[in-house]
Amino acid sequence: MSKSVEPEKLASSRRQILKWGLLAGVGGAGTLAAFSQLEKIKLRSSVTVLPSTHTGAISGQASTPLTMLRDFDYGTVTQEKGRTVREFRVEAQTSTIKLDNAHTFITWNLNGRVPGPTFRATEGDRIRVIFYNRAGHSHSLHFHGVHPAEMDGVKPIRNGKIMIYEFDAEPFGVQLYHCHVAPVTRHIGKGLYGMFIIDPKDLRPPADEMMLIMAGYDVNDDKKNELYAFNGLPHYYMHHPIAIQQNQLIRLYVLNMIEFDAAVTFHLHANMFKVNRAGRSPQPSEETDVITMGTAERHILEFSYRYPGKYMFHPHQDAIAEAGCMGLFDVVESTKT
Ligand SMILES: [Cu+2]
């Protein structure tokens, strides 16, 4: 069900190239705009995604953090009454994961993974999420974004029941979803959360795109987090650095899903990044190297690395970083001329 390349989008890109090719022949002021769009499409196919070192399967997790990093779920696409409908089938489950040598943890998750699938759609699509609760307790899926009250996902869905959430993908930007059954701190802390990316109709420029969600684990039920992680597993990207190419545009979709701590920051070493708050603008608007994020806050961060080598990323609350929310980018020298 998950795919990193969307055939439908590629086909539409080809149609756009043809359209812009025709426009380019007209000349005048329109030509420049047409060429820049054409260049955008050409560049998209030239983004280099490097393989990172993999350890194979992780007990209790259906996907490794390295796989889920670039695993965007575009759903099953159909056309209904002239509209694009994207259907996502998710199952709430329970599983046990090993967070580190000292801690195993029972998660409540979607499709066997924490975080849940990264849903992705284009602004204006119709979204249909078929939610089957098989996790033992009552759960729900509450989406951020704009939708009617009955689709707000605050009503608990009992174990064994199915709920179909249906709404329009709007507005474009970075959204999220999570279980909204009380106590929400516990239901999110156990793993029922994920990202929902809505692309603008006019696609963003090509980049190596990744999803990073910061989360905490309260392993002893004292309403404080003892461990923290990017994409589900503490310290994972320190042991398995994310390989990226030198001088290539990186687009990070970052979400803070840490409960109990009021806010954390996100900091990138030896670089600056451009910030697009909640992804609500076509272009990033500011530049920094550390940004503060409250719970459920999310941004698109863009950067590229000039020098090869390994660089850390982590919240600058260093106790949180040292308890697992820390990772490395491994910038590989570009062979492009
Ligand atoms: Cu729940």
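This tour moves from the whole chain to a nonpolar core and then to a sheet.

The model is predicted: local features need pLDDT of at least 70, side-chain atom pairs count only at pLDDT 80 or more, and totals for chains, interfaces and linings use all residues. Residues are numbered from 1 along each chain as its sequence is written.

Of its 337 residues, 39% are buried (20 or more other C-beta atoms, placed from the backbone, lie within 10 Å of the residue's own).

Next, select Met 195 and Met 214, the residues with the most contacts inside the largest nonpolar core, a set of 74 residues (buried Ala, Val, Leu, Ile, Met, Phe, Trp, Tyr and Cys residues joined through C-beta atoms within 7 Å). Strand S11 (residues 208-217) supplies the largest share of this core, seven residues.

Now display Met 214 with Tyr 228, Phe 230 and Asn 256, which are among its contacts beyond four places in sequence (a contact has C-beta atoms, placed from the backbone, within 7 Å).

Then colour the open sheet S12-S11-S14-S19-S16-S17, six strands with mixed pairing (strands pair if DSSP finds at least two bridges between them). Strands S12 (227-230) and S17 (286-288) are at the edges with a single partner strand each, so one side of each has no neighbour in the sheet.

Finally, select S14 (residues 250-256) and S19 (residues 298-303), which run antiparallel and are joined by six bridges. Here Leu 252 stands opposite Leu 301 in S19.

Note on methods: Buried ≥ 20, exposed ≤ 12 C-beta atoms within 10 Å, placed from the backbone. Helix = DSSP H or I, 4+ residues; strand = E, 2+ residues; numbered from the N terminus. Contact = placed C-beta atoms within 7 Å.
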